[in-house]
Amino acid sequence: MNPILQSLIENKPFTPLDATQLSALAANLRLEMFDVLHSRQTGHWGGASSAAELTTALYFNRMNVNPDNPRDEDRDRFILSKGHASMNLYTVLAHRGFFPVSDLPGFRTLGSHLQGHPSMNKTSGVDMSTGALGHGLSIGIGMALASQVNNRDYFTYVLSGEGCLDEGQTWEAMLSASKFKPRKLVYMIDYNGVQLDGTSNDIMPLDPLADKFHSFGWNVASSEFDGHDMNSILDSFAWIDSDDIWPKAVIYKTVKGKGVSFMEGKNTWHGAPIDDDSYSKGRVELLADIEKKEALL
Amino acid sequence: MSVAMREAFGKKVAELGKTNDRIVVLDADVSSSTKSGLFGNEFPERFFNVGVAEANMVGVAAGLATAGLHPIVNAFSIFLALKATDQIRNVFCYNKLPLVIAGAYGGLSDSYDGASHQSITDIAIMRALPEMEVIVPCDAQMAESALEYALTQNKPVYIRLNRNAVPDVGLPFDAAQKKGVVVKEGSDVTLAANGITLSATLEAAQILEGKGIKAEVLAMPFVKPFDVQTLKASVEKTGRLVSVEEHTVVGGFGSACLEALSTEAFNYSYRAVGVEDRFTETGGYDELLVTYGISGANIAAKAEELV
Ligand SMILES: Cc1ncc(C[n+]2csc(CCOP(=O)(O)OP(=O)(O)O)c2C)c(N)n1
């Protein structure tokens, strides 16, 4: 990790990073995900990379979390409903200080706290276990409603891909969210257009997605945000803060497998082990991206 | 090692599709994992990928089944058994409609994905449903036989498949007989193996042999209907039973053995091998099997406790 970035993320008290810093950090974290996924020969590159900027922005700019008190009742909550992107969440949590970065290479080994899919009672900082697609939004509604019952004022973020939106439970949750209007519930869609078997257009078309949120009574951002551009992500955060109408949904245009050109947008890189040849070629591209972004620091 | 069971099964589905035009195949965005895509490539007009929506998939299959078609639904076994149980029970079983439930990634075989994906309660759930049949093949060839058999039935049949290449046991097996197979004869203890646990069980028999204990090994792919005759004949002779399954010991194959023998007059002693009542975890498949006791050494140790 670049020493400037390292000192920024170690600052106490934690100071939110700006767009330039976040971009450079996300590029570094993406490479680290790539390295561990390659060395372990298991895990999901496509969806981890797709959300690298989103989770980096949440944890290093926006969310009120405290690694020294991971279950702080006032903390903001995050549910990775697309739990197969666990490598992404673990990398972000480790660098945010929830557990040692040196735990990451143990990903998915027997005895590691870094399970195949996030496990809230094993890994510090994980707010909900996920893996079976489709659970996240319902649980997020419950967490957000609990803030009202308990007189707390935290945000609840749910991140999902297309997969969760295929599941019927999500649409039950969509209905009930517009009934209960849970305050500070933000549903973030990592909309890369590719799932396990193929593109969403082939497997289960979702467009026009924003219209669906509208018709279900949600406050959905009228513009699509670019989920790989930190300025765009920070704009989306400003939109979230622009009024008090809940629940909110934000659709982020993303690219599955982002950062490695020959893996981008391909369902075959959803969960395939990364072979040595693809790894060395991919690493060159990811390093170049880091260099470009760190030059702006 | 043979081809992976899922590969063999997927190929067989595609092959049978050529001669059986009643077959329709459904998948829930995992057709490249379950290998149902092989059928999809050949018969796109009889293949429906419904996205990640297991309950919807089974409901759609039911509609197809009412019109004379024979659906084969494919998804990870844990999600079929948990997300589509209602549709399987209240639509298929209740109305006795034909269905093949191809439960991919059975047992611990989706090992690295961890507890959320490991299917260790599917057998207990499926076998509790009236009209359901439950088959757990021990190798690729048995899986193919189970498929051919299931397609002759006018009711739901659950076939639990393994993700990985497992050793070919090559037993004489015709699923239509609904019988277990005596793989090795012995007189001291019966080792009844369900599914792919057969190879570890045969290893256990060898370990026991070295200690002068003669184990009889049964391959028991049918959990339901249960082949009580084969089990009874063996346990009556040995007076000792160890059941072995890649599943929780609560309500699965071991429980089916005990229920089957509960009305018999003879006494026998018993040990269960399987996942104790707990959640499993991430790891390599072989190391997980050993961790949860599905190993030659542990099965032999359990048998020794009885002798
Ligand atoms: C209930 C359920 N069914 C199937 C799966 C297997 N599975 C894992 S990821 C995935 C596709 C997910 O697509 P998407 O949400 O678009 O993932 P992303 O591109 O964001 O990684 C599937 C079908 C699962 N985890 N849960």
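The side chains of T42(A) and R108(A) are joined by a polar contact of 2.9 Å. This is a predicted model, and T42(A) sits in the loop between α2 and α3 (45–50) of chain A. With a relative accessibility of 8%, T42(A) falls under the 20% limit and therefore counts as buried.

**Around T42(A)**

- Leaving out residues up to four places away in sequence, T42(A) touches L37(A), F107(A), R108(A) and Y112(B).
- One of these, Y112(B), belongs to chain B.

**Helix α2 of chain A**

- Helix α2 of chain A covers residues 19–40, which makes 22 residues.
- From the first C-alpha to the last, α2(A) reaches 31 Å, close to the 32 Å expected at 1.5 Å a residue.
- Of the 22 residues of α2(A), 19 are buried, so the helix is largely enclosed by the rest of the structure.
- The N-terminal end of α2(A) is capped by D18(A), which has a side-chain oxygen 3.1 Å from the backbone nitrogen of T20(A).
- After α2(A) comes Q41(A), with a positive phi near 60°.

**Where chains A and B meet**

- Contacts link 24 residues of chain B with 26 residues of chain A.
- About 1800 Å² of area is buried between the two chains, and carbon and sulfur atoms give 47% of that area.
- D29(B), V52(B) and T282(B) supply 30% of the area that chain B buries against chain A, more than any other three residues.

**The seven-stranded sheet of chain B**

- Seven strands of chain B form an open sheet with mixed pairing, in the order β2-β1-β3-β4-β6-β5-β10.
- At the edges stand β2 (47–49) and β10 (222–224) of chain B; each has a single partner strand, so one side of each is left without a neighbour in the sheet.
- On average, neighbouring strands in this sheet are turned by 20° against each other, direction ignored.
- Within chain B, strand β3 (residues 70–76) and strand β4 (residues 99–104) pair in the parallel sense, over five bridges.
- F76(B) has A104(B) in β4(B) as its bridge partner.
- Helix α1 (residues 5–19) of chain B lies across β1 (23–27), β3, β4 and β6 (156–160) of that chain.
- The direction of α1(B) is at about 140° to β1(B).

**The five-stranded sheet of chain B**

- Another open sheet of chain B has five strands in the order β7-β9-β8-β11-β12, and its pairing is mixed.
- Its edge strands are β7 and β12 (269–275) of chain B, each of which pairs on one side only.
- From one strand to the next, the twist averages 25°.
- Strand β11 (residues 240–248) of chain B runs parallel to β12(B), and six bridges join them.
- S243(B) stands opposite A272(B), a residue in β12(B).
- Helix α13 (residues 296–306) of chain B lies across β8 (189–193), β11 and β12 of chain B, and runs at about 160° to β12(B).

**Backbone details**

- Most residues other than glycine have a negative phi, and most peptide bonds are trans.
- Y105(B) is not a glycine, yet its phi is positive, at about 55°.
- The place of Y105(B) is the loop between β4 and α7 (122–127) of chain B, and its relative accessible area of 6% makes it buried.
- K178(B) is not a glycine either, and has a positive phi of about 55°.
- K178(B) lies in the loop between β6 and β7 (181–184) of chain B and is partly exposed, with a relative accessible area of 26%.
- In chain A, the peptide bond joining D207(A) and P208(A) is cis, with omega about -5°.
- P208(A) is found in the loop between α9 (200–203) and α10 (209–215) of chain A.
- In chain B, the peptide bond from K224(B) to P225(B) is cis, with omega near -5°.
- P225(B) is in the loop between β10 and α10 (228–238) of chain B.

Technical notes:
Residues are numbered from 1 along each chain as its sequence is written. Chains are lettered from A and ligands numbered from 1 in the order in which they are written. This is a predicted model: local features need pLDDT of at least 70, side-chain atom pairs count only at pLDDT 80 or more; totals for chains, interfaces and linings use all residues. Side-chain values use heavy atoms; hydrogens and water are left out. Helices (H or I, at least four residues) and strands (E, at least two) are DSSP runs, numbered from the N terminus. The expected span of a helix is 1.5 Å times one less than its number of residues. Buried means under 20% relative accessible area, exposed over 50%, partly exposed in between (1.4 Å probe, protein chains only). A polar contact is a pair of N or O atoms within 3.5 Å; within protein, one must be able to donate a hydrogen and the other to accept it, and residues adjacent in sequence count only if both atoms are side-chain atoms. Two strands pair if DSSP finds at least two bridges between them. Axes are lines fitted to C-alpha atoms, for helices over the stretch in contact, and angles run from 0 to 180 degrees between N-to-C directions. Contact means heavy atoms within 4.5 Å. Buried area is the accessible area (1.4 Å probe) that two parts lose on being put together, summed over both.
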